[in-house]
Amino acid sequence: MKNKKVSLNSNTILLLITIVLFIVLYGMGCIMYGNKGFTHLQTFLNILITNAGLICIACGMTCVMLTAGIDISVGGLVAMDCMMIAVGLNKGIPAPLMVGLVILTGIIFGLVQGFFVGYLEIQPFIVSMAGMFFTRGMTAVISTDQVSVTEKSSPLYYAWANYKIKLPFGGYMNNKGKEVLPYIRINVVIALIVLVVIFFMLRHTKFGRSLYAVGGSEQSAAMMGLNVKSVKMKAYVLSSFLCSIGGICFSLNTMSGSVQQALGLEMDAISSAVIGGTLLTGGVGNVIGSFFGVLINGTISSIVKTNGKLASSWPNILTAGLLFMFIVIQSVFAAIRSKKTR
Amino acid sequence: MKDKKLISKIKKSQLLLPVVAMLLVMAVNIIHDAATGAGAFSFFKITLQQTTGNGTILYGRIIDILNRGSEAALLALGMTLVVSASAGTDISVGSVMSLCASYCCMLLAGYGVSSVNELAKPLWLGIIAGILLGCLCGAFNGFLVARLNIQPMVATLILYSAARAIGLLVCNDLIVYVRNDSFGFFGSFLGPIPTPIIITAICIAILSLILKKTALGMYIQSVGINARASRIAGLNSKRIIHLAYIVCGLFAGIAGVVASSRITSADSNNIGLYLEMDAILAVALGGNSLGGGKFNLAGSIIGAYTIQAITTTLYALGVSTNQAPVFKAIIVIIIVAIQAPPVKAYMRKKSLSKTAKGVA
Amino acid sequence: MKTSKKYLSFIVVMMLILSGCSAPGQALHVQTSPEDSGEVLPEDLQETESKNKVTVGFSQVGAESDWRNINTDSMKTSLSGEGYDLIYDDGQQKQANQITAIRTFIQKEVDYIVLAPVIEDGWNTVLTEAKDAGIPVILVDRMVSDDDTDLFTCWVGSDFELEGKKVCQWLSDFCDANSISGNEINIINIKGTEGASAERGRTRALRMAVARHGWNLLDERSGEFTQAKGREVMTGFLGRFDNINVVYCENDNEAFGAIDAIEAAGKKVGSDIKNGEIMVLAFDGTSDQAVEAVRSGKISCIGECNPLHGPRVEKIIRNLQQGIVPDKYQYVDEGIFSAVESVKEVTVDEETYSVKLP
């Protein structure tokens, strides 16, 4: 009982650190670059728009990491999704059908990965590494060109991508004398819905709780009567499913498919989840944390871009620094826990 | 009767998998060459050719594979030790390679300079510094894994994402070209033989000598099998794991210098890209368990060259650079699926029932 | 209890490091901008100063080739002089990065956005955002797709198709001068990053020439404008074909890689294709090494691609400031380089270009 309390505490502390860190970072951005438009609401909304896909993917990654697994195939899958959408729409397939097709592909891909991890007991890293190779290669098999979605190829998809949901507050006049109303795009709405749904799923459904149980301890989960293999497989299906939705969000932002698309996105997703307090050893984590992890990544990149004089490699380095810090904190918590149990 | 024994012996040998894979690759090449009319054994043909820049050199597909596979083989050496000692993989090696290459080129060219013909610092300094930086990265990884007990994959994730970026920073976001023959030597030829092959051969020789002559190899394996038991037996398991990572970083550094010397530049974004995957794959293909414990260096090396052979073959078959990963993925999955415990158990059951039937 | 206190203090220490960690933005700002020496100006002074300055946001593709580095330098020097405030962003070859950068520029209310798009497609959304904010967009080097032409003010760059035509014409003239018939030419094309304007234009020119002169185009493969990929692709080609006599590389760096590969395979590069040499054709011709390669005959012919866009962009901005609308498409002047003596000049589209020694 006592043991559980500690893990709960460390969990909340990690989440708290993440949220505080985000506020500190964002506040710093506002203080340093307030005169450069950082304080406008749109800056924050831009972070959401740019990272909508990443939010969905980080949610899926969190679920997989809860089972002590990892899925590094997400970047490749996003590239494949973008390419499928771009090529499909140019071939005249209706946008809703294409979206359905992409999600279906994601689910099938997840089933295969999940089968290898859950039932054949192969290391998740190796399986998803093969998945990464496969999806990246398939992207090139579909087309080695850079294909774009234009108004001609699909007016509907084009309209989705360009639809601005204007917010009624926080508008301002810019230096050109044009009034700029803050807005979000459809992909942000999708991402936020995914976030809320997954949050409640993890909290209140049997499947959500079984993810935690499997990650906490496979043996005890099995003793509790859970089908560990099936739970693991479902986690990968969920991850690939969410990744496909993320891929659509990503595609709505870039409107093009290419082999180089979303390179390294898997590491962004993993680092967001880790910074958000998800333990890579499984059993502890929360999508809200991952959401803030994504926001922190976005804020760092936004600050560096706003500065305009820093080298573009700084966001990666700073994120890696944060990752280091959080991993060390996690290991300290793990040490406390193992001491308490002993 | 004797044959059967031999077969079962081979079957049990760890080298079975990589050797079979290598033979398969060769068979594909022979069939392809025969079909295209290039002569069935052109794959094995090695000729001496005159060149304008490098004098007389060895040329042939095998030489090319050995040459191109050098970096993967170097990384596989370190990776084997890491996998064995810590039951985890070091996914940062590709990025560390890139960082070492960038640092080495930056020293040789001077900071912020994008192209030089004259070296700014002595060659040995750049090379040694690059390799030492690799050791340092390895030491950092090792510290996290051995002292802080962090999962290897997680610990190395940090440098995986940071090292390439630091490399870019070191080069001031440029691709640094060191257009000097003395630097290009490590990627070109020593006499008729490509230098990377020689460097790799020396590294393999030194490492296997150390592992043979000292008890280090045994220590690493025993730590991998059971760290606690080895500690009780008087081994400093933490120090051994740490050492394994430093060695891995060392080889990543050497591989980085070789890779940048090949193209006489430090292209931080592309050097060693996905090479960590090749190295891990080589270890798995070499019949080593990714769960740690016993290791087989020869297997990893054959594995590394097999992977290079696969890549070269795919290119020769006309598969594009970007499409090749599909086939690699399928190969990885088949290899690991064969080794997966449930599959092995199933096979064993099947063969048992077969023998039982035979007896009956 | 004691241990938990110890760890609590550890957390406090970590938090301190954290706050140090998140400060680098500021610290680095000082560190990395020593070129604007003594720029530790008070905040308000900086602001009044920036009001008179024209702020330009420049989103560059990356640093993949020598050409690109010179291009970046040219832009930086032209736009960081008196009266300008340049915000530079390196997109590291990723379109998503460039989209984010443009959004940031809009947020910062820059006066002009200069964009060197990594690919031609997918800019519609973000360029519309720039248009809505009333910020003029100037494209350099590469184009965006045809549908988006009303979204940018003007474009500065090279006529890639013309460059390609010049080099192909050179090859054709060379064949005529040395009595080599068209079907003896076995050409391979090491393409640039697929979808980039340079790749499209130069490939289009080659394909038209191949059709016209009856050359054999054995294969095409992307070398992504880098030396490493160029070498890799060429090695693959040499393994597959043994009758290659012309390599058409879509930039210098690919050509260097191809030359390495050819020499490593024990073959010779040069223009004497009748005697088994492999002829290398290339584009850009910016770096010292490229000049050297042309002089020594390793590269037979280079179609120049002028990277010095900075001054022209600066002039456009100056005109725009005064309300003068510039021409929509502005081509930079370019020539053709070769040390082979049998061709003195090439004529493309009724325009004659003399072949120079770089």
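In this predicted model, B:Ser84 is in contact with B:Ile220, B:Gln221, B:Gly224, B:Gly292, B:Gly293 and B:Phe295, once its neighbours within four places in sequence are set aside. The residue belongs to helix H4 of chain B, which spans residues 70–86.

Turning to the aromatic rings, a search of the whole structure comes up with 20 aromatic pairs over all chains. A pair like this is described by how far apart the ring centres are and by the angle of the planes. Take A:Phe133 and B:Tyr274, which form an edge-to-face pair, with 6.2 Å from centre to centre and 80° between the planes. A:Phe133 sits in helix H5 of chain A (residues 124–142), while B:Tyr274 sits in the chain B loop between strand E7 (265–266) and helix H13 (275–285), so this pair joins two chains. The two partners fall into separate accessibility classes: A:Phe133 is buried, at a relative accessible area of 4%, whereas B:Tyr274 is partly exposed, at 22%.

A pair within chain C has another geometry. The ring centres of C:Phe58 and C:Tyr88 are 5.8 Å apart and the planes meet at 50°, so the pair is tilted. C:Phe58 comes from strand E1 (residues 54–60) and C:Tyr88 from strand E2 (residues 84–90), both of chain C, so the pair ties together parts that are 30 residues apart in sequence.

Chain A, for its part, has a cluster of rings. Ring pairs link A:Phe22, A:Tyr26, A:Phe38, A:Phe44, A:Phe291 and A:Phe292 together.

Charged side chains also turn up over aromatic rings. A:Phe133, already seen in the edge-to-face pair with B:Tyr274, has the charged end of B:Lys328 sitting over its ring, 5.8 Å from the ring centre. In chain C, the charged end of C:Lys166 sits over the ring of C:Tyr353, at 4.4 Å from its centre.

Terms used:
Residues numbered from 1 in each chain as written. Chains lettered and ligands numbered in written order. Predicted model: local features only at pLDDT ≥ 70, side-chain atom pairs only at ≥ 80, totals over all residues. Heavy atoms only, no water. Helix = DSSP H or I, 4+ residues; strand = E, 2+ residues; numbered from the N terminus. Contact = heavy atoms within 4.5 Å. Phe/Tyr/Trp six-rings, centres within 6.5 Å; stacked < 30°, edge-to-face > 60°. Buried < 20%, exposed > 50% of the residue type's maximum accessible area, 1.4 Å probe, protein only. Lys NZ or Arg CZ within 6 Å of the ring centre and 35° of its normal.
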